[in-house]
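Please take a look at the sequence and the structure shown below. The paragraphs after them go through some parts of the chain one by one.

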Amino acid sequence: MSDVLANLSDEQRKWVTTTGFGDILSFRQMWYAHTLGYNVVSAFNSRNCSLELKAGTIEISDKTVRSVLGLPMGSEIIEPGDNEERVSLWGEQFEGCLVCKVSPMTLSNRIQGNREANTEFKLNFLVLLYNFFIDGNQNMYLNRDVLRYSMDIDHCGKYNWCRLLIEKLRVSHDYWSAVKSRYFTGSLTFLIMVEGTVIDAWTCILNENEILRSDSSPMRLFLNTETTFVFPIYNATHHYIICYNMKKPSWEIIDNRVQTSHFGEMFGDLPFLLHDLFCDWISQYNLPKGDEIKNMLPNVVKFGWQTTDNWMDCGVYVMRHLETYMGSLYTWKAGLRAEDGKTRDLLKKLRMIYCHKILTWNGNKRRAMVMRSVATFTKAKKSAM
């Protein structure tokens, strides 16, 4: 999907925007993480429509989908239909191939080979978008249900695609939960990106806390000054940190995992893509030692509490690392050590602390609701006693 969006012609981008999908044009996902995805799927509660993570519960609504993916949230519900004529029209382009056996790669190549915003492109785009963001298939071929829906494809923005995603999420989760050897066909992309919002909220809190730093501490900018730049990275499979120190030039990768394989296998191209963009930025502002940073290679930092098999707590490690790392390994005290029983207890405690801080943070738009719920719960508990 990322390749398709990145290579649309101007005419095609104009149609995508006009029909209502303009907000997804900037979407990029370099890895599609099934392993992490299925862990997040297990945390999804279809009855309450929420993601119940160790760091806290995230309620999912139409507005959540809209804010995370940018899908249209129009006033009209997308109704099931039986538009077989549209299915047949779509299938005519795949000569010698059964309509029910078109693969995502075949469709992606077809889209990228067409520079016009004609009917063929529009139908192909909707099928690929539906399979990637809404609902896939139990086999390796594409789900064509979107072609059967009763809708005006040139005015997709008037329909509630966010509600459709949630409905399919619930149905596919219930089907998968019954027999977990089945494929989960709902939106793994959405669930993975929602899980990442917990880290985003934490970096906002840390940026606010930097106001209270002592004069002897280096200034840090999380995600978004002059001394240390800290980027929490989420590559759809794992959380870690990339840190640049401009005073004593360094390019560091801080990961709770012990490096057990080649750099490219663990991190892919993402660190280098970020590095190129960061170097372009420091060149524009002519920052000191920019040339030195540009010519550096990444250093995967080694420290005493790295793990070999703990993937589930990577988000908690990142939040702790963001909170405690000041740009110097020699003075770094994170309060962690090689994983054992006490470390697992500490990680559990940190989850509760971070969850509390995020929920009660003044920047949390739902803070008032949370505080009211706590007050009601506390009052009920005292009454019961």
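The structure is a predicted model.

Is Cys162 buried or exposed? Its relative accessibility is 0%, below the 20% limit, so Cys162 counts as buried. If neighbours within four places in sequence are left out, the residues in contact with Cys162 are Asp62, Val65, Arg66, Leu71, Pro72 and Met73. Leu69 stands 93 residues from Cys162 along the chain, and the C-alpha atoms of these two residues are separated by 8.9 Å.

Helix α4 is made of residues 62-69. Two packed helices are described by the angle between their axes and the distance between the axes. For α4 and α9 the angle is about 105°, and the axes are 8 Å apart. Angles from 65 to 115 degrees count as roughly perpendicular, and therefore α4 and α9 are roughly perpendicular to each other. On the α4 side the contact involves Asp62, Val65, Arg66 and Leu69. On the α9 side, Cys162, Arg163, Leu165 and Ile166 take part. Sorted by class, this contact of α4 with α9 holds five nonpolar residues, three charged residues and no polar ones.

Arg170 is also a residue of α9. With a relative accessibility of 28%, Arg170 counts as partly exposed. Beyond its neighbours within four places in sequence, Arg170 is in contact with Phe44, Ser46, Arg47, Asn48, Cys49 and Arg163. Ser150 is 20 residues from Arg170 along the chain, and their C-alpha atoms are separated by 22 Å.

One of the contacts of Arg170 is Cys49. Where does Cys49 lie? Cys49 is in the loop between β1 (44-45) and β2 (50-53). Although Cys49 is not a glycine, it has a positive phi of about 50°. The relative accessible area of Cys49 is 5%, which makes this residue buried.

Strand β3 spans residues 56-59, and Ile58 is part of it. Ile58 has a relative accessible area of 17% and is buried. Asn7 is 51 residues from Ile58 in sequence, and in space the two are 34 Å apart from C-alpha to C-alpha.

Next comes Arg148, which is found in helix α8 (residues 145-148). Its relative accessible area is 19%; buried means under 20%, so Arg148 counts as buried. With neighbours within four places in sequence set aside, the contacts of Arg148 are Gly81, Asp82, Asn83, Glu84 and Val87.

The next topic is disulfides. A disulfide is a covalent bond between the sulfur atoms of two cysteines. How many disulfides does a search of the whole structure find? The search finds zero. Cys243 is in no disulfide, and the cysteine sulfur nearest to its own is that of Cys279, 14 Å away. Cys243 is buried, with a relative accessible area of 0%. Cys279 is likewise in no disulfide, and its nearest cysteine sulfur is that of Cys243, 14 Å away. The relative accessibility of Cys279 is 5%, so Cys279 counts as buried.

From α14, the contact is made by Val316, Tyr317, Met319, Arg320 and Glu323. From α15, it is made by Thr343, Leu347, Leu350, Arg351, Tyr354, Lys357 and Ile358. By class, the contact of α14 with α15 has seven nonpolar residues, four charged residues and one polar residue.

The walk ends at helix α16, which runs over residues 367-384 and includes Val374. The relative accessible area of Val374 is 44%, and this residue is partly exposed. Phe263 is 111 residues from Val374 in sequence, and the two are 46 Å apart in space, C-alpha to C-alpha.

Conventions
Residues numbered from 1 in each chain as written. Predicted model: local features only at pLDDT ≥ 70, side-chain atom pairs only at ≥ 80, totals over all residues. Heavy atoms only, no water. Contact = heavy atoms within 4.5 Å. Helix = DSSP H or I, 4+ residues; strand = E, 2+ residues; numbered from the N terminus. Nonpolar A, V, L, I, M, F, W, Y, C, P; charged D, E, K, R; others polar. Buried < 20%, exposed > 50% of the residue type's maximum accessible area, 1.4 Å probe, protein only. Disulfide = S-S within 2.5 Å. Axes fitted to C-alpha atoms, helices over the stretch in contact; angles between N-to-C directions. Parallel < 35°, antiparallel > 145°, perpendicular 65-115°, else oblique.
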